[in-house]
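Q: I would like to learn how to read aromatic pairs in a structure. Can we work through a case together?

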Amino acid sequence: ERLNAAAAAALTASVSTGHVGIFQYRRRTVEPLLMTGDPAPPAAGNRFSVFLEAASNTRGDLAFTAYTFFPDRQGLFLKRDGVVTPLALAGDVAPTPDGEWYASFDQVHLTEAGEVYFGAGLVGPAGSVSRAILKADATGVHPVIVRGDRYGFRQVEEPLQFAVNAAGEVTAVARITDVDLLAEPQTVTEVILLADGRLRTLASVNLVLNEGNDQVRNFAITFNQIDMTESGEAVFYAGSDHFLHGGYYVNRAGRLFANERLLAQGDPSPLQPGDRIDTPLAFGITSSDVLIFHATTSTAPGGAIFARRDGEMTPVAVAGEPRPDGLAPWHGFLQISVDESGAFAFSDFQGLAQVAIYTGRFLPPPSEILASLRATIDQSGLARGAMAGLVARLEPIEAALRRDGFETALRLARSFLQELTARADHGLSTELVLALESDLEDLILALGG
């Protein structure tokens, strides 16, 4: 799952019939977008079999990887305005300097501009294997970071895990070779940044992270351990001499040795007095340093999801404790996605399967939620009478809040929500009702309901 700017998530899931599909989650509704057996381009009569990854944007575009039946191969596709187009197919020649073929696809990112960034496994003419980061846009598929890219005395051997922001700035964990002619070539793992058309190293195994003496031992050990904020800051996981189980670091300067530690092994956990972070795992972060992360702790060896904002850390979910639906405990966690507003999604993971995906967000103050409700009504395009009727339900709530009457405001908000959901024929579009219900539910929570 990967959240877009509207806090909607495109996800793949299997259903009781045994088929696999891509679904869109938005405002508590789940909509199927594609299913096993649907037509698959480019060949007539071909069908999709299994869907793997998916990403969407607010325009409604959908980028995804899937296997097809005939022939049985993997591909990267884009669905726009109802039309599915293949962007790259296993066996096709990739736009890399060595003329390799596509073998597999992963890490699909779809920007608001409609550009698709993705990782690809490649096979060379002599059977060599490598990886690349590429971009598909209206003009075709283009290399972003590929084997052989040079900067200074460094050469890219293999880009691994990566992240990209809306501006097309990319940060990646990659295998890099030092090709200084005066020394024996050495290949190490580094965190690199591609910005303004230029590659540079931000951190490297066996080098210090900053002006201290803490050397890097390793980078990503699981999913979602590198991120790129919309303001151009690279954030990554690293294990080091001082923090063997790792920590998160941010590079705001775009240069080597300028990495600031955000959180690391041994930092206090909010679960219990004396509890400490053991191993930081998957994470996502915003430009304002809202950090959502998965970590094991001294008292939660099965892991927990935490949210940190303005220096305050809050537990979101703890393995073994009851889930919100009350049907089962949290089993464990794996992947995390965070959008720029701080809304997030994470998976409840059991064994080898994701059993559920949950979303969360920070609640704004009641006054901001009421302003959002008014804006939704103003922009609804309703007739004046219908609009006035909805506004008339908001005004008593606003008046109660001005008098610090939180209990009255809470009662009125609940009444408004009940009326909205109970009326079968209210003359409002489904989209408008869902938007109003979502804000009213947030308002009730913000008021302590």
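Q: How many aromatic pairs does the structure hold?
A: This is a predicted model. The structure holds 19 aromatic pairs.

Q: What describes a pair of aromatic rings?
A: The distance of the centres and the angle of the planes. Take Phe293 and Phe306: their centres are 5.2 Å apart, with 25° between the planes. Planes under 30 degrees apart count as stacked, so this pair is stacked.

Q: Which parts does the pair of Phe293 and Phe306 tie together?
A: Phe293 lies in strand E24 (residues 291-297) and Phe306 in strand E25 (residues 304-309). The pair therefore ties together parts that are 13 residues apart in sequence.

Q: Are Phe293 and Phe306 buried or exposed?
A: Both Phe293 and Phe306 are buried.

Q: What is the geometry of the pair Phe333 and Phe346?
A: Edge-to-face. The centres of Phe333 and Phe346 are 5.8 Å apart, and the planes make 70°. The cut-off for this class is over 60 degrees.

Q: Where do Phe333 and Phe346 lie in the chain?
A: Phe333 is in strand E27 (residues 333-338) and Phe346 in strand E28 (residues 344-350). They are 13 residues apart, and the pair links distant parts of the chain.

Q: Why does Phe346 count as buried?
A: Buried means under 20% relative accessible area. Phe346 has 3% relative accessibility, so it counts as buried. Phe333 is buried too, with a relative accessible area of 7%.

Q: Which residues do ring pairs link into a cluster?
A: Trp330, Phe333, Phe344, Phe346 and Tyr358.

How values were computed: Residues are numbered from 1 along each chain as its sequence is written. This is a predicted model: local features need pLDDT of at least 70, side-chain atom pairs count only at pLDDT 80 or more; totals for chains, interfaces and linings use all residues. Side-chain values use heavy atoms; hydrogens and water are left out. Rings of Phe, Tyr and Trp (its six-membered ring) pair if their centres lie within 6.5 Å; planes under 30 degrees apart count as stacked, over 60 as edge-to-face and the rest as tilted. Helices (H or I, at least four residues) and strands (E, at least two) are DSSP runs, numbered from the N terminus. Buried means under 20% relative accessible area, exposed over 50%, partly exposed in between (1.4 Å probe, protein chains only).
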